[in-house]
Amino acid sequence: MTYRNPPTTPRKSATFDDYTLSEIRRAAATGIYDIRGAGAKRKLPHFDDLLFLGASISRYPLEGYRERCDTSVVLGSRHAKKPIELKIPITIAGMSFGSLSGPAKEALGRGATLSGTSTTTGDGGMTEEERGHSKQLVYQYLPSRYGMNLRDLRRADAIEVVVGQGAKPGGGGMLLGQKISDRVAEMRTLPKGIDQRSASRHPDWTGPDDLEIKILELREITDWEKPIYVKVGGARPYYDTALAVKAGADVVVVDGMQGGTAATQEVFIENVGQPTLACIRPAVQALQDLGMHRKVQLIVSGGIRNGADVAKALALGVDAVSIGTAALVALGDNDPRWEAEYNELGTTAGAYDDWHEGRDPAGITTQDPELMKRVDPVAAGRRLANYLKVMTLEAQTIARACGKNSLHNLEPEDLVALTIEAAAMAGVPLAGTNWIPGKNGF
Amino acid sequence: MPATTLSKTAAHDPRVFDLDQLSLRELNQALHNLAPGSNETAWEVLNPKGSHSVAVGVDQPVAIDVRGSVGYYCGGMNSGSTITVHGSAGPGVGENMMSGSITIKGDASQYAGATGKGGLLVIEGNASSRCGISMKGIDIVVHGNIGHMSAFMAQSGNLVVLGDAGDALGDSIYEARLFVRGKVDSLGADCIAKEMRTEHLELLQGLLDRAGVTGVKPSEFKRYGSARTLYNFNIDNADAY
């Protein structure tokens with residue numbers, strides 16, 4: 001009998017993990033970078049790393065089902081004659097017709113309207129479906145200006161000048177040819193079937209001084225009625241917020257790197273921009289330094305999933321949050337009921353992110369007439385409204401437990417962090433200590 | 001608004017707005033208040049002195065004469081009005097114009113006619129860089145020269161240049177047509193010289209007529225447009241980006 005040395009267990013590299021190896025092989029085979037939808041998928045410091053303290057002897061709570069806890073918020077009161085009044089501090093983020101199907105856009109409008117909140121157009125213009133079914137519709141003003149026109153600008157309830165988004169700060173839009181149907185092509189004044197790579201910079205302004213003049217123009221065109229938002233990706237939140245305020249914004253929208261996109265390079269999504277949690281305190285600080293906190297409203301988006309996330313964002317000084325990916329899931333995106341079809345596409349429910357390919361089994365990120373029939377705008381809108389209601393109730397539950405009669409009375413002092421990273425980013429103490437990394441010289 | 005500062009006599013006399021005495025807000029609001037069929041069809045703006053956003057978002061077929069030079073975005077999103085600037089225009093004149101016409105008697109700065117969807121923009125002097133950037137159906141006629149990166153990502157419409165064009169003309173162009181009479185410093189990615197066929201000569205003659213250009217023949221121009229090689233991504237074209 002021969003003696004065999006005991007074998008070592010096969011060990012895979014943490015650096016060259018299975019995903020990395022598959023990506024190297026894919027790149028070598030195709031010669032093109034990976035394009036996908038959604039936001040950063042890597043593990044990041046997030047709201048899960050924060051906890052509320054609740055009430056005890058030093059703070060007393062409000063009765064859960066009896067005492068009022070206000071959820072309303074007014075956006076755009078700085079300059080606009082007609083600010084947006086929302087019943088809940090959760091709005092629907094901009095997603096384009098083109099990347100989403102018509103029924104999906106209609107469902108977003110229906111759900112938002114049922115919930116007393118706003119929805120937002122996207123890089124593709126305003127459709128009748130969403131205008132007709134959205135009581136309060138924010139019209140995005142993007143570098144591409146696809147479909148931008150005077151009539152729609154005037155029938156919008158607010159205007160959002162999009163400078164960037166969290167998934168790709170510094171990147172432009174991308175809609176590949178397979179999703180350019182006749183209707184999408186007409187709205188964008190482009191031939192059917194060609195790739196649409198939207199510009200990353202606005203065509204007629206650069207920098208904060210120009211932005212100020214651009215905002216003046218938009219106000220003059222709309223007779224100073226509509227709130228003007230400025231949306232930035234989570235790049236330099238302190239300076240971007242300060243410059244947006246200086247340029248005259250009524251509302252600043254900061255989108256962290258978990259915020260989704262219809263399509264961009266995987267390398268961009270995962271490696272450019274900052275986590276949502278890291279963006280909030282610098283943005284709030286900029287508003288406070290300018291004496292504009294609560295005068296210019298701050299909306300934060302990117303990875304908001306439940307009422308706890310909403311409450312934590314508000315406690316850190318945000319006026320409202322925006323949801324995109326979560327709203328799509330509420331409509332039916334990535335639903336396990338389509339698992340067999342996800343498998344045919346080489347993926348699985350919960351991981352499907354090839355939104356740019358237009359073959360979404362759930363009928364949401366597609367322009368295929370047969371697939372989009374799977375979205376019933378009324379039922380999907382109802383699901384979104386249900387979800388928004390649950391998020392609101394959850395946030396109220398937490399706020400009452402912290403003794404707050406308004407969600408907006410939540411404050412950083414209600415929070416602790418579970419990790420040093422989150423403590424530093426959120427500017428709240430590490431749980432069990434009074435240590436805020438970076439404060440008081442430590 | 002103080003009545004004494006408005007001259008309003010007969011319907012055929014222009015309604016005069018002196019920006020030394022009235023604000024930009026009052027001017028634009030008065031223009032937006034115009035009802036369809038209003039007989040206040042002639043307007044005159046005095047002392048613009050480089051003001052931004054003069055006569056933006058006008059959606060009635062009125063004539064507006066601006067006596068002097070304007071700042072950014074004059075005539076922005078114009079829908080049907082006829083604006084004449086008796087001076088020069090700052091950046092973004094006629095940006096996103098829907099219809100109507102704008103004539104600049106002097107020169108225009110950057111991004112003239114940016115993203116314009118329709119209508120006619122005539123610049124009797126020169127236009128700076130990025131003229132017609134991302135144009136989407138507008139027609140632009142420049143009597144003089146245009147600067148670099150003009151017609152960048154131009155989607156549709158026509159850009160006519162009686163003089164010369166700067167570097168990278170028509171970079172990443174889609175279906176817009178470019179007609180240049182003088183020299184072109186260089187063409188941008190995917191922009192090529194194209195054959196001038198009868199249909200183009202006729203189209204160009206029509207544009208010259210609409211812009212009031214005389215003594216210039218369409219045959220003196222060269223046509224440029226998209227090679228359409230970048231319409232769908234191909235890794236072997238990556239060097240072009």
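In this predicted model, the stretch of chain A from residue 356 to 404 is 59% helix and 0% strand. Its end C-alpha atoms sit 43 Å apart. This stretch is one part of what the UniProt record, an unreviewed entry, annotates as "domain: Glutamate synthase"; the annotation also takes in residues 75-332 of chain A.

Chain B is built from two helices and 11 strands. Going along the sequence, the pattern reads β-α-β-β-β-β-β-β-β-β-β-α-β. The 11 strands make up an open sheet with mixed pairing, in the order S1-S2-S3-S4-S5-S6-S7-S8-S9-S11-S10. At the edges are strand S1 (15-18) and strand S10 (191-194) of chain B, each pairing on one side only. From one strand to the next, the twist averages 15 degrees.

Zooming in, strands S9 (residues 177-180) and S11 (residues 222-226) of chain B run antiparallel and are joined by three bridges. Here Leu178(B) stands opposite Tyr224(B). Helix H2 (residues 198-210) of chain B lies across S9 and S11, and also across S6, S7 and S8. Relative to S8(B), helix H2 runs at about 70 degrees.

As for overall shape, the C-alpha trace of chain B spans about 65 × 40 × 30 Å along its principal axes. The radius of gyration of chain B is 19 Å, which agrees with a compact globule, because one of 241 residues would come out near 18 Å. Of the 241 residues in chain B, 52% count as buried.

Note on methods. Residues are numbered from 1 along each chain as its sequence is written. Chains are lettered from A and ligands numbered from 1 in the order in which they are written. This is a predicted model: local features need pLDDT of at least 70, side-chain atom pairs count only at pLDDT 80 or more; totals for chains, interfaces and linings use all residues. Two strands pair if DSSP finds at least two bridges between them. Helices (H or I, at least four residues) and strands (E, at least two) are DSSP runs, numbered from the N terminus. Axes are lines fitted to C-alpha atoms, for helices over the stretch in contact, and angles run from 0 to 180 degrees between N-to-C directions. Two residues are in contact if their C-beta atoms, placed from the backbone, lie within 7 Å. UniProt positions are given in the numbering used here, feature names are shortened, and annotations may be inferred rather than shown by experiment. The radius of gyration is taken over C-alpha atoms; the globule rule is 2.2 Å times the number of residues to the power 0.38. A residue is buried if 20 or more other C-beta atoms lie within 10 Å of its own, exposed if 12 or fewer, and partly exposed in between; C-beta atoms are placed from the backbone.
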